[in-house]
Amino acid sequence: MKTTKKWVSTAVALTLVGSLAAGCGNGEEAPAASGDGNETAKPAAKQELRVNFNAEPPVLDSSKGTTNAAFTMLNALNEGLYRIDKDGKPQPGLAADKPQVSEDGLTYTIKLRDAKWADGQPVKASDFVYSFQRTLDPSTKAMYGFMPAWIKGGNDVIKAKPEELEAKKAALGAKALDDKTLEIKLEKPITFFEQLLAFPIFFPQREDMVTKNGEKYGGDADKIVGAGPFVLKEWKHDASLTFEKNPNYWDAANVKLEKLVVNIVTDSNTSLNLYETEETDLISLSGPQYMAKKDAEKANIQIKNELTSAYLMFNTKNKALANANIRKALTLAVDRQSYVDTILQNGTAPAKGLVADGTQDGNKNEFRKSAGETLPKADPAKAKEYLAAGLKELGIDKLPELKLTGDEQGTGKKTIEFIMGEWEKNLGYKPVGEPIPHKLRVERQNKGDYDIIMALWGADYNDPMTFLDMWVTGSEFNNVYYSNPAYDEKIKAADKEADPAKRAQLLVDAEKILMTDMPVGPLYSRKVPYLVRNTASGLVLPNYGMEWEARWVEMKAAK
């Protein structure tokens, strides 16, 4: 999940985790054990999971959502045709079974199970068709519209003039053959399409709910309905979201949690205190907290190896930052190893390119092993050379005042301070630091209202394209306004290439071009340590898409 396809915050990614035995959710005592009559069983575990999250979702609208927070909450209250299981594989969700796929890989015929929305209405194939059409509708202004645009005719909807729109929607290659049969025709074969169908952008939506709530749709608990394992019962903005088990969920018998409480806690010390006082069950740890707890809490620490990259975005509409040598100077002046060692302190690796460590290349290899290090190592001397060359090309003696913007929570402020220190030490240049709330940072980033901004990108699917396609000319997520015809050509060729080996090489070539031009300066490929109370069995920390998955959680008695 991009700003970000999933734009994630500096402390999460995109930042920030299941099967099953019978559980009692009311906390009442179980019957006395057999024996001499004097034994009393321990109370059954209360089926309530409490989670700390460091950012509130701006909106719970699967067409408009872009943040990690939004996708994680949407995944709790709704579901797609498929759901990613604890092994990272797509399994039938609202679909009754795996799809029938045509020999050319273009047509998917999917039977729906007899599922219901949380309010009891049946889930229909037309709910998916409506959702795809709404996301593609240019008036929705969906930043993720490029994904359903892979459906045949999708780009025609996005580009449609008002008088053409309804006809283009009707021609879209997504059809409800009947209430329980959905047909999807693609523009081209997509090997990871079933993964995509588990992503919130492909979730069904109820037209009556969207119409009734208008611009307020997805903005409060009573303005959204899902067909997932949980129902959003209460949303106290900037404080908490409370979910309860959905009795109408198709697999409710195997959902053990009765309640899921997500507390918005932006301060990591406050979050840790809530864990230590047993007021929450799951938190992410800052670097210093991880170092302090990694031995004492070893049994309760889980490391999430995310497919998430962090980087600096250089707004090329700024005259100074339009110069490639200036961007290279600012990137190579930062010691990335020192940064992860002193600021993150959690095993996160310095970036070797833009594509995150662990990402598959689509040809049964890891992309980083295939591509190697496309990003040069930090080199203060070389950075000074780039700076001098850039200033000469611009005809100026020094860089103008630039703002370095990032999240104010988590490690955001320290990240800004570290980078400013590196630039001052190695380049003799000090920008203006600007830590701001996560929500505002996302808004500013999406609007291009910044000079240099710290961002993260979490994968929406396990393939390099999720990191690379957003930098083509005119992309919804290309908020650095980068344009290179050679880069565009490589990405477009990879998009059409059916041979996995040739496609993988095209993507390697594309990343090399990107790292030569450096419109973004990668910093690290993230890992996130979590403290998970041992009573929470079955909690999943996916390496892409969602922060955590509570679908299979069952609370056990304390050990």
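Reply: Start with a charge over a ring: Arg533 lies over the face of Tyr275, at 4.0 Å from the ring centre. The rule is NZ of Lys or CZ of Arg within 6 Å of the ring centre and within 35 degrees of the ring normal.

Me: What lies over the face of Tyr481?

Reply: Lys317 does, at 4.1 Å from the ring centre.

Me: What should I know about the model and the numbering?

Reply: The model is predicted, so local features need pLDDT of at least 70 and side-chain atom pairs count only at pLDDT 80 or more, while totals for chains, interfaces and linings use all residues. Residues are numbered from 1 along each chain as its sequence is written, and side-chain values use heavy atoms, with hydrogens and water left out.

Me: How many aromatic pairs are there?

Reply: The count is 21 aromatic pairs. Rings of Phe, Tyr and Trp (its six-membered ring) pair if their centres lie within 6.5 Å; planes under 30 degrees apart are stacked, over 60 edge-to-face, and the rest tilted.

Me: Why is the pair of Phe192 and Tyr461 stacked?

Reply: Their ring centres are 4.2 Å apart and the planes are at 10 degrees, so the pair is stacked. Phe192 sits in the loop between strand 8 (181-185) and helix 5 (193-196), and Tyr461 in the loop between strand 17 (452-458) and helix 15 (465-468), so the pair ties together parts 269 residues apart in sequence. Helices (H or I, at least four residues) and strands (E, at least two) are DSSP runs, numbered from the N terminus.

Me: Phe192 and Tyr461, buried or exposed?

Reply: Phe192 is buried, and so is Tyr461. Buried is under 20% relative accessible area, exposed over 50%, partly exposed in between (1.4 Å probe, protein chains only). Ring pairs also link Phe192 and Tyr461 into a cluster whose members include Phe71, Trp150 and Phe477.

Me: New topic. How many residues has the largest nonpolar core?

Reply: That core has 120 residues. A nonpolar core joins buried Ala, Val, Leu, Ile, Met, Phe, Trp, Tyr and Cys residues through side-chain atoms within 4.5 Å. Trp471 and Phe243 are among those with the most contacts inside the largest one. Helix 17 (residues 500-517) gives the most to this core, seven residues.

Me: Where does this core lie relative to domain 1 and domain 2?

Reply: Domain 1 (48-261 + 533-555) and domain 2 (305-528) both give residues to this core, so it lies between them. The bounds come from an automatic or database domain assignment.

Me: How many residues of domain 1 and domain 2 are in contact?

Reply: 19 residues of domain 1 are in contact with 20 residues of domain 2. Contact is heavy atoms within 4.5 Å. The two domains bury about 1800 Å² between them, 60% of it on carbon and sulfur atoms. That is the accessible area (1.4 Å probe) the two parts lose on being put together, summed over both. Met143, Asn543 and Tyr544 supply 31% of the area that domain 1 buries against domain 2, more than any other three residues.

Me: What is Asn305 in contact with?

Reply: Leaving aside neighbours within four places in sequence, Asn305 contacts Arg526, Lys527 and Asn543. Asn305 is partly exposed, at 44% relative accessible area.

Me: Last one: what is the phi of Met518?

Reply: Positive, about 55 degrees, although Met518 is not a glycine. Met518 is buried, at 1% relative accessibility. Lys364 also has a positive phi, about 65 degrees, but Lys364 is exposed at 82%.
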